[in-house]
Amino acid sequence: MLRRAFLLFVVLPFAGIAQTPFDAAAGDLSWRGIGPDRGGRSVAVSGVKGRPAEFYMGTTGGGVWKSTDSGQNWRCVTDGFLKWGSVGAVAVSESNPDVVYVGMGECDIRGNISPGDGVYKSTDAGRTWTHMGLADTRFIGKVRIHPKNPDTVWVAALGHVYGPHPERGVYKSVDGGKTWKKTLYVDDRSGAISLTLDPSNADHLIAATWTAWRTPYSLNSGGEGSRLWQSKDGGETWKDIAVNPGLPIGLWGKVGVAFSPADPKRVYAIIEADQGGVYTSDDGGATWKAGNSNRNWRQRAWYYTHIIPDPKDKEKSFILNVAIGRGSDGGKTYSTMFARHPDNHDMWIDPDDPTRMIVANDGGATVSTDGGRTWSEQDFATAQFYHVSTDSDFPYRLLGAQQDNSTVRMKVRGGQGGLRGYEETAGGESGYVAAHPKNPDLVFGGSYGGYLSLFNHRTNESRDVNPWPDNPMGAGAADLEHRFQWTFPIVFSPHDANRLYTSSQYVLVSTNLGESWQKISPDLTRNDKSKMQSSGGPITKDNTSVEYYGTVFTLAESPRRRGLIWAGSDDGLVHVTTDGGKSWANVTPKELPEWGLCSMIEASPHDANVSYLAVDNHENDDHAPYAFVTSDLGKTWQRIDGGMPKDSFVRVVREDPVRRGLLYAGTETGVLISPDDGRTWRRMGRSLPVVPIHDLVVKENDLCAATHGRSFWVLENLTPLRQQAGAAATLYQPADAHRVRWGRSQSGVVLDYYLPKEVKTLDFEVFGPRGIVLPKDSGQSKSAGHHRVAKWLAMPGARVPSGILLWTGGGSSITVPPGEYTVRMTVDGVATERKFKWMRDPRSSSSDKDLWEQYEFATVVSKRADEANQAVVRIREHRKKVEDAVKAKPEQREAADAVLAKLRPIEEAIYQTKLQSGQDMLNYPIRLNDKLFGVLGTVLTGDYRPTRQAREVFDRLSRELQSELDRLAVLEKADLKPWLEAKTPTR
């Protein structure tokens, strides 16, 4: 039975198959977004005039999302269309609400912003999108559409944030974005940030330009190019109105400006300046008067500075800042309003109904339909994570720090913990999170300012173990004892679970859970004090440690050699020690950009001499990928980024711990894979959206990604990537599998297979110990390509024939016990076999022996329950045979009734014949078959050996059933025999 003679068997060890790599971009290899469903930052929102339930949200990394039920549910509508994921502006046409324009790249220029690639347009309400140019503007602050002509559109482009560049200013298109004309340009450091249309005259526009830029170590907000501009000819020409009467004198920074829809002569502006605040004009911008200057509404001006007038009342307006300011007296005073999450960046108010509004903040979009009294939840998976780590629990957890929120830990599958599938853990919004290698309840987490905490999930205790608790907030980095970056490393030694590393400009180690720290390196940076001065200005300073420079940004100890530690700095240096920190060597690659950020060092899990380095240089206005490998402890390095996209910078490279030279890279636009140690690269998996990848980690058989805009994603089962496919049909070696149902399609053993062409027949069979043979599966895809199928290993339970109602649930399948199994794939008569282990849940208190007892006893009970049901079927068939005979020969009625009377009590003993509905059993007691199924359900509840009482009840029920079966057998051999042997005459 197990070896049919006509099959040709090919049992192939996967190491010997022809060298054709698995195509990671094709087939059924699928990423799975696991959450958390918690919103990340949004700086662009819009509603739709005339469609009261329809809203759009632009996310910072995760594309454009849409709601059609006033924010109760959201879905991403740009997956598959965008090249970059960060959205800076969203505008919906009032004259044709199916037309939507999106400007890419976020302009509230914090240290972790993501660039964009110009303008996208939809003409079908977000179902499809087309790129419309302006790719090199990179950061767009506003898109405005002519109220009567959706083909006329203006764009306020801030331009390159990390370097001087001419692609910035105000652009205009009159052909729906097919061509663009730059109509306002100040200089290569000043771009357009705000743009407003006179609602009564679309030829009248006011724009704000902003002199702003970032470097890896500083922020500038303000300069001569920060101005207000007015156009009276539809944006063709512009006049500087920053000198108009009433506006603040001196240097300006960021400006937000807006016409009042209620009265076009009223214009609101909020201006970053020494004498800044709210300014209003009642003559369309000709003259101005000062209003509110409270710092609550102009703090951290570069990050906020947005003002939105009420569409029905010219005296009402809203200021967006940490909170929302609501004013009703023409910009003089504002009261505080909150919209779910602090840090607000955009707002849209329905021009027809001002009680309907949407706000974009650091928690995403939130909608109000009652004027701001209540707001919709922000439960969508757009979280921005800086790093991802895992713990040693089963199933393992993912841990990370979410920007603008807390750290989280959550199960990769199954019961994920907490009411929303996650729980908070140690640290804060910006740092690494690392669980103790041997005790997953002990978690270390970091955040800006050098904050480092230990949280014990078992005892609910927290401890601050900051290596140098001298809070630096507001100060520059030059004179600090320790310079801790925004995302300073927290790394456990792979050789000693109690050895924990972190870094400032020095490498630090603790061996007592952070109670004390020891410096084990000199300053491993360039220590250029000119790049450590107070950041911000020239008007407003801003020092949060995002701009702290000259720090050790990445650390890794070799898993192959104790004391071999790599350190990479944010100012372009790489060092290594082979003696645990006693001495360090500068091994910086010669081709590394001089000030490039050493984003991640990966010490090879296969060879102590090998290390991989990812360098992110985008903060020097260079989007090129830089990735290196050394095989001689850093003496020489080779570039391995030749096959990567030329404009998508790299943050992390990881090597697969099973297959040497199999690399995974996280870039600004997704994940790449290299099967040949970096010689070639390709995009990994079509189901992962375009999103910045800030970190990757390989855990067990999975690849886990920290996205900066779409929460955590996991590519499960790397088995086929670690193997090679042949020219013929290939069944990859499956990974060992646990008997754990995760409530999803990947429960069971995951089988990956490759078909070079479409085939006629394809069967899967699974054989196990002690003669277990699972039913053949012939229903899988036969088309060419790579395919994945998850098979739960279970034998079918007792049959439940049609017309039989059961209270206890029926014939449950019986999961097979642990052991070594063989899967056979037969393709057009050619078979391939692979062996794998089917393992019990390691959390279970039962042994393999217990599960074998459960399986064997459940099989016996199931067989007995099936016999009971089949006896009922036989009785019904006998009755029909007798009744059919009586129809042919009515004179046999009396004899027939006599034999049927003997059948009836047997059937009634086995099955409750009065049942007609699912709850009739509450009126008519269940019989033997249902009781047997009840015992089966008891035995199959959980992973345990059968209880003694289950065996006792089964033995009693089995004896009672046997008595009825014996009575039936006697009837069949005697009274029923002539009826059963008689042929029913035909008519």
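These legends go with close-up views of a predicted model.

**View 1. The largest cavity in the model has a volume of about 420 Å³.** Let's start on the inside: the structure holds six cavities of 30 Å³ or more, and this view picks out the largest cavity, at about 420 Å³. Its lining is made of 25 residues, and Gly-111, Thr-487, Phe-553, Leu-597 and Glu-619 are the closest to the centre. Sort the lining of this cavity by class and you get ten nonpolar, ten polar and five charged residues.

**View 2. The second largest cavity has a volume of about 60 Å³.** Here you can look for the residues of the lining, among them Val-43, Gly-88, Cys-107, Asp-108 and Gly-141. Lys-142, Ile-193, His-306 and His-345 also line this second largest cavity. By class, the lining of the second largest cavity has three nonpolar, four polar and two charged residues.

**View 3. Helix α1 and helix α2 cross at roughly 165°.** Helix α1 covers residues 848–888 and helix α2 covers residues 893–910, and their axes come within 10 Å. Angles over 145 degrees count as roughly antiparallel, so α1 is roughly antiparallel to α2. The crossing of α1 and α2 is left-handed. On the α1 side, the contact includes Ala-868, Ala-871, Val-872 and Ile-875, while the α2 side includes Ala-896, Val-899, Leu-900 and Leu-903. Charged residues such as Arg-876 and Glu-883 of α1 and Arg-893 of α2 take part as well. Overall, this contact has twelve nonpolar, one polar and five charged residues.

**View 4. Helix α1 also meets helix α3, with a crossing of roughly 165°.** Helix α3 spans residues 928–939, and the axes of α1 and α3 come within 9 Å. That angle is why α1 is roughly antiparallel to α3. The crossing of α1 and α3 is left-handed. Look for Gln-854, Phe-857, Ala-858 and Val-861 among the contact residues of α1, and for Leu-932, Phe-933, Val-935 and Leu-936 among those of α3. Ala-868 of α1 belongs to this contact, and Ala-868 is also part of the contact with α2. The contact of α1 with α3 has ten nonpolar, four polar and one charged residue.

**View 5. Helix α2 and helix α4 cross at roughly 155°.** Helix α4 is made of residues 948–973, and the axes of α2 and α4 come within 10 Å. These two helices, α2 and α4, are therefore roughly antiparallel to each other, and their crossing is left-handed. Lys-902, Leu-903, Pro-905, Ile-906, Ala-909 and Ile-910 of α2 meet Leu-961, Glu-964, Arg-967, Leu-968 and Leu-971 of α4. By class, that gives eight nonpolar, no polar and three charged residues.

**View 6. The peptide bonds from Gly-35 to Pro-36 and from Phe-394 to Pro-395 are cis.** Omega is near 5° for the bond from Gly-35 to Pro-36, and you'll find Pro-36 in the loop between β3 (31–35) and β4 (42–47). For the bond from Phe-394 to Pro-395, omega is near -15°. Pro-395 sits in the loop between β32 (389–390) and β33 (397–401).

**View 7. Leu-513 has a positive phi, near 60°.** Keep in mind that Leu-513 is a residue other than glycine. To find Leu-513, go to the loop between β42 (507–510) and β43 (518–519).

Methods: Residues are numbered from 1 along each chain as its sequence is written. This is a predicted model: local features need pLDDT of at least 70, side-chain atom pairs count only at pLDDT 80 or more; totals for chains, interfaces and linings use all residues. Side-chain values use heavy atoms; hydrogens and water are left out. On a 1 Å grid over the protein atoms alone, a cavity is a set of points where a 1.4 Å probe fits but cannot get out, and a pocket is an open set with protein on both sides within 12 Å along at least five of seven lines; lining residues have an atom within 4 Å of a point. Grid points are joined across faces, edges and corners, and a volume is the space filled by probe spheres set on the points. Axes are lines fitted to C-alpha atoms, for helices over the stretch in contact, and angles run from 0 to 180 degrees between N-to-C directions. Helices (H or I, at least four residues) and strands (E, at least two) are DSSP runs, numbered from the N terminus. Angles under 35 degrees count as roughly parallel, over 145 as roughly antiparallel, 65 to 115 as roughly perpendicular and the rest as oblique. A crossing is left-handed if the near helix is turned anticlockwise from the far one by less than a right angle, and right-handed if clockwise. Contact means heavy atoms within 4.5 Å.
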